[in-house]
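Subject: Structure handover

Hello,

Here is the structure for you to look over. Please open it alongside the notes below.

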Amino acid sequence: SKERTPFITFVLGGPGSGKGTQCIKIVETFGFKHLSAGDLLRREIACNTADGAMILDTIKEGKIVPSEVTVKLIQKEIESSDNHKILIDGFPRSEENRIAFEKIIGAEPNIVLFFDCPEEEMVKRVLSRNQGRVDDNIDTIRKRLKVFEALNLPVINYYSQRGKLYTINAVGTVDEIFEQVRPVFNSFES
Ligand code: UP5
Ligand code: MG
């Protein structure tokens, strides 16, 4: 695994924009390894690790966990992966996250997908998810949306300027949305 340069895709979009749902389809169709930054952080909470309590407080407030914590979790997963094709879901969420990743991992993404979804649709989806997430309540959702706009949109603009951004209209059925995602990956398969 470590002999081959990883092929990295960042999957970005607001809360409930459908990142996780589309990642499952990308994995099925194009054989990537899926790393959800949020899932890695929730695993730290569930396992009661040294950072667990801090991560729980941060997620409840819809804020961003310190970059070095998240990047180390991602790094462990990349280094132990047999698959060099990596989907990183929900990261980087800020310019600070992005810079920490580049510094620690020493790589840049090949593709950045942005699931562009209206706020009211994202709120509706998150509120009807019912999976017991501590951040799926209206107060925290409002905070997550504000943090997304203030800190994640600059990252999206950065990759747009670098010509790496693929914006997907995230309204429609799961399959309709995936039909916009598919050609992005097809164009990278040779
Ligand atoms: N759904 C999906 N697609 C649909 C469609 N086309 N039509 C109708 N419904 C659709 O989808 C959300 C819901 O909508 C589901 O019920 C789904 O069935 C339905 P999902 O695919 O789960 O959307 P996703 O974009 O993955 O939403 P999620 O809530 O996971 O996004 P967030 O970005 O908010 O959550 P994440 O887990 O990435 O982060 C959570 C928190 O962790 C952050 O707020 C932050 O506090 C922390 N965090 C960090 O600090 N740093 C990180 O790097 C990452 C996370
Ligand atoms: Mg998700």
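This is a predicted model: local features need pLDDT of at least 70, side-chain atom pairs count only at pLDDT 80 or more; totals for chains, interfaces and linings use all residues.

Residues are numbered from 1 along each chain as its sequence is written, chains are lettered from A and ligands numbered from 1 in the order written, and side-chain values use heavy atoms, with hydrogens and water left out.

The largest pocket has a volume of about 960 Å³. (A pocket is an open set of points on a 1 Å grid over the protein atoms alone, where a 1.4 Å probe fits, with protein on both sides within 12 Å along at least five of seven lines; lining residues have an atom within 4 Å of a point. The volume is the space filled by probe spheres set on the points, which are joined across faces, edges and corners.) Its lining counts 44 residues, with G16, K19, R129, R133 and R144 nearest the centre. Two or more lining residues come from each of α1 (19-30), β2 (33-36), α2 (37-46), α6, α7 and α8 (174-186). (Helices are DSSP runs of H or I, at least four residues, and strands runs of E, at least two, numbered from the N terminus.) α2 gives the most, with five.

Next, α6 and α7. Helix α6 (residues 119-127) packs on helix α7 (residues 138-161) at about 140°, axes 11 Å apart. (Axes are lines fitted to C-alpha atoms over the stretch in contact; angles run from 0 to 180 degrees between N-to-C directions.) That makes the pair oblique, the class left after roughly parallel (under 35 degrees), roughly antiparallel (over 145) and roughly perpendicular (65 to 115). On the α6 side, E119, M122, V123, V126 and L127 make the contact; on α7, I138, I141, R142, R144, L145 and E149 do. Contact means heavy atoms within 4.5 Å.

α7 also packs against α5, at about 55° with axes 8 Å apart. α5 and α7 are therefore oblique too. Here E95, R98 and E102 of α5 meet L151, P154, V155, Y158 and Y159 of α7.

Two backbone points remain. The F91 to P92 peptide bond is cis, with omega near -5°. P92 sits in the loop between β3 (85-89) and α5 (95-105). N48, in the loop between α2 and α3 (52-60), has a positive phi near 55°.

Best wishes
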